[in-house]
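Please look at the structure first.

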Amino acid sequence: MDDLTEDQRRVAAGCVDRLFEADEAYEAAVSEHYDEVVHEVIERVGTSGSVGKLDIAALTAWKRVRADTKWVAGLMNTSDADVRRRTSGVVEIVNDRVLAAPEAAGRARSALSPLSGFGTGDALASAVCFAAAPGRMAVYDKRSHAAVLSLGFELDNRRGRYRRYMTIVEACRSALHERGHKWEARQVDTALYYLGGPDGGTED
């Protein structure tokens with residue numbers, strides 16, 4: 001486990017029951033068809049070894065990221081070949097098992113930064129990382145951020161936030177494993193997503 005502090009371990013151990021409840025509520029509330037788009041992107045990335053502009057457009061819709069902004073024009077004015085050259089490295093990084101998951105997340109996030117739309121914010125970048133390594137990476141957004149704070153973790157907005165978020169996700173996975181439940185990072189993040197929304201007890 002990557003750089004977990006005793007405080008993180010303690011907080012994670014104390015939030016397992018809330019994660020269980022949120023996971024059940026999320027499964028009941030969300031359509032089984034919602035993730036069809038991302039599953040298709042995952043399959044495409046697995047075949048090509050990179051993430052193209054069409055994949056990023058699909059992930060933008062999936063994550064409900066605004067697409068009427070300057071970054072989209074900047075991305076569209078970048079050749080798909082250049083985008084794929086950049087993202088092929090990201091695919092390699094997040095699947096490098098020599099690296100702990102949070103370290104891989106941090107390096108991959110940095111590798112995405114030069115692309116238009118990826119200089120700031122972690123929601124879309126984390127979706128790209130997840131599509132590249134669905135069994136290992138988690139998706140970040142403002143709801144999951146709100147949830148980890150409500151559970152007692154610390155997560156600020158300094159550079160490297162996605163790496164720190166993944167450390168928290170891994171702490172939760174470790175605590176769940178100690179209770180006999182083997183969750184992937186994605187299952188943790190969907191539980192956090194539910195907890196961070198109006199029905200989960202924190203503000204959206």
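**Rings and cysteines**

Q: How many aromatic pairs does the structure hold?
A: The model is a predicted one. Ring centres have to lie within 6.5 Å to pair. The number of aromatic pairs in the structure is 5.

Q: Are the rings of Tyr140 and Tyr165 stacked or edge-to-face?
A: The centres of these two rings, Tyr140 and Tyr165, are 5.3 Å apart. Planes over 60 degrees apart count as edge-to-face. The planes of Tyr140 and Tyr165 stand at 80°, so the pair is edge-to-face.

Q: How many residues apart are Tyr140 and Tyr165, and which helix holds Tyr165?
A: Tyr140 is in the loop between helix H8 (123-132) and helix H9 (142-151). The pair links distant parts of the chain, with Tyr140 and Tyr165 25 residues apart. Tyr165 is in helix H10 (residues 161-178).

Q: Is the pair of Tyr162 and Tyr165 stacked or edge-to-face?
A: Tyr162 and Tyr165 are 3 residues apart in helix H10, about one helical turn. Their ring centres are 6.4 Å apart. Planes under 30 degrees apart count as stacked. With the planes of Tyr162 and Tyr165 at 25°, the pair is stacked.

Q: Which residues form one aromatic cluster with Tyr165?
A: Tyr165 pairs edge-to-face with Tyr140, and its pair with Tyr162 is stacked. The residues that form one aromatic cluster with Tyr165 are Tyr140 and Tyr162.

Q: Is Tyr165 buried or exposed, and what is its relative accessible area?
A: Tyr140 is buried. Tyr162 is buried as well, with a relative accessible area of 1%. Tyr165 is buried, and its relative accessible area is 0%.

Q: Which ring does the charged end of Arg143 sit over?
A: Arg186 lies over the face of Phe130, 5.3 Å from the ring centre. For Arg143, the distance from the charged end to the ring centre is 3.8 Å. The ring under Arg143 is that of Tyr193.

Q: How many disulfides does the structure hold?
A: A disulfide is a covalent bond between the sulfur atoms of two cysteines. To count as one, the sulfur atoms must be within 2.5 Å. For Cys15, the nearest cysteine sulfur, that of Cys172, is 4.2 Å away. Cys15 is thus in no disulfide, and the number held by the structure is 0.

How values were computed:
Residues numbered from 1 in each chain as written. Predicted model: local features only at pLDDT ≥ 70, side-chain atom pairs only at ≥ 80, totals over all residues. Heavy atoms only, no water. Phe/Tyr/Trp six-rings, centres within 6.5 Å; stacked < 30°, edge-to-face > 60°. Helix = DSSP H or I, 4+ residues; strand = E, 2+ residues; numbered from the N terminus. Buried < 20%, exposed > 50% of the residue type's maximum accessible area, 1.4 Å probe, protein only. Lys NZ or Arg CZ within 6 Å of the ring centre and 35° of its normal.
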